[in-house]
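Hi everyone, thanks for making time for this. Have a look at it first.

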Amino acid sequence: MNQYTKEPIPNLAEAVQTVTRLLTHFDTKTFYSEYTPQMVTTNELSHIYNLKQHIKPGASVLTVGGSGEQPLFCKMYGADNVVTFDVSYNSYLLTSVKIAALQAFDKNTDYEKFVYDLSHYCKPGQLMDTPKLNYVMPYLTYAQKNHLRYTDEIGIPVFLGDISCDFYCIPQQQYEILRQSVKSPFPFIWTNILDLDKKLGDDKFDILYYSNILSFLEPQKIAPVLESTKKHINPRGSLFLLSEFNEPKPAIMNTVRDVFENASDWNIDFKHARKFGDFHDIIIKRCQNSNYR
Ligand SMILES: C[S@@+](CC[C@H](N)C(=O)[O-])C[C@H]1O[C@@H](n2cnc3c(N)ncnc32)[C@H](O)[C@@H]1O
């Protein structure tokens, strides 16, 4: 247990309502909420390849939890203290299931197959039939196991399948580093990014990794989020804003320029490079002698 993580007692009646709404009305403004089912594998892996070069051994990282790749791979690349946040509790569950799978499987191929299977047994009522889930369950807490079983039983999807699993491959050597580096769940802040600042207090990080979140906020909420994020960036630390969209959203680009316009404190880099596809990264680096407090 750590300063952030509290095992919530899920309010399943609310979850049923939320998920029913999500599945019947796709509306990006309300799509992500407390129990949004998580994509088992996502394009987060492609983002992570770019992040590798920026993580110095021992770095502290704050990242969206998502489907777990971001915290897991940050750790594999040498980050020390990795804190996660997400509006959906299922992000914490999925990350915990992946961490448990790391403990359960010695071989990368078994881990990859398990993740692949998870994404194919994702319809409500199927989750518990995922092959080799019984190898993984002993590494989960009582509350995590119960949440998985109960939500699945009453027909709420906890996870969603998505892109093909050929995408998800970790060479055995890297897999061993990953297993060694991640032995227990990450601190998890269960929050909307709009309230993240309050929950962080005075904590600062070397890397803040917000991928594909700002695009889902109402445009007028982006500036306050960025403004309140500044004080959580260490001197020489960086904020990564990555987008899965093929063009940078003008609302985000312009807001970033407005909020970080003081060139003596911040260095903004609008990159157009990604291993897969035609994505845009925005990297905002805090200068060493920044006056910002
Ligand atoms: C927006 S999705 C995009 C998928 C993933 N990041 C990727 O790169 O493929 C990422 C995560 O952000 C979370 N999320 C979305 N809106 C959020 C918000 N306002 N506050 C906190 N987390 C949010 C979702 O629950 C999900 O786990």
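Let's begin with asparagine 212, which sits in the loop between β6 and α11, the helix at 219–229. This is a predicted model, so please keep that in mind as we go. Asparagine 212 has a positive phi of about 55°, although it is not a glycine.

β6 pairs with strand β2, residues 61–64, in the parallel sense over 3 bridges. As one example, threonine 63 has tyrosine 209 in β6 as its bridge partner.

β2 has another partner too: 4 bridges join β2 to strand β3, residues 82–86, and these two run parallel. Here the bridge partner of valine 61 is valine 82 in β3. Which way do the residues of β2 point? Val61 and Thr63 point one way, Leu62 and Val64 point the other way, and all are buried.

The largest nonpolar core has 71 residues, and the members that touch the most others are Val61, Leu208, Tyr209, Phe240 and Leu241. Helix α5, residues 89–104, supplies the largest share of this core, with 9 residues. In soluble globular proteins, nonpolar side chains tend to be buried together. Taking leucine 208 as a case, and not counting residues up to four places away in sequence, what does leucine 208 touch? The list is Leu62, Thr229, His232, Ile233, Leu239 and Phe240.

Isoleucine 282 and phenylalanine 240 are 42 residues apart in sequence, yet their C-alpha atoms are 5.9 Å apart in space. Isoleucine 282 counts as buried because it has 21 C-beta neighbours inside 10 Å. Leaving out residues up to four places away in sequence, isoleucine 282 touches Leu241, Val256 and Phe270.

Next, a helix. α4, residues 69–76, is mostly covered: 8 of its 8 residues are buried. Among them are Glu69 and Lys75, along with Leu72 and Phe73. Following α4 comes glycine 78, with a positive phi near 110°.

Let me also show you the loop between α6 (108–120) and α7 (133–136), where methionine 128 is found. Methionine 128 is partly exposed because it has 13 other C-beta atoms within 10 Å. Apart from neighbours within four places in sequence, methionine 128 is in contact with Leu133, Arg149 and Asp152. Lysine 132 is in this loop between α6 and α7 as well. Like asparagine 212, which has a positive phi without being a glycine, lysine 132 is not a glycine and has a positive phi, of about 65°. Lysine 132 counts as partly exposed because it has 16 C-beta neighbours inside 10 Å.

Zooming out, the chain comes to 12 helices and 9 strands. Buried residues make up 41% of its 293 residues. Among contacts between residues at least 6 apart in sequence, 75% join residues at least 24 apart.

Finally, a word on confidence. The mean pLDDT of the chain is 84, and 78% of its residues reach 70 or more. Where is confidence lowest, and where is it highest? It is lowest in helix α2, residues 28–31, at a mean of 56, and highest in α7, at 98. Over residues 273–278, pLDDT stays under 50, and the model has 8 contacts beyond four places in sequence for that stretch. Where pLDDT is low, the predicted coordinates should not be read in detail.

Conventions: Residues are numbered from 1 along each chain as its sequence is written. This is a predicted model: local features need pLDDT of at least 70, side-chain atom pairs count only at pLDDT 80 or more; totals for chains, interfaces and linings use all residues. A residue is buried if 20 or more other C-beta atoms lie within 10 Å of its own, exposed if 12 or fewer, and partly exposed in between; C-beta atoms are placed from the backbone. A nonpolar core is a set of buried Ala, Val, Leu, Ile, Met, Phe, Trp, Tyr and Cys residues joined through C-beta atoms within 7 Å. Two residues are in contact if their C-beta atoms, placed from the backbone, lie within 7 Å. Two strands pair if DSSP finds at least two bridges between them. pLDDT is the predictor's confidence in each residue, from 0 to 100.
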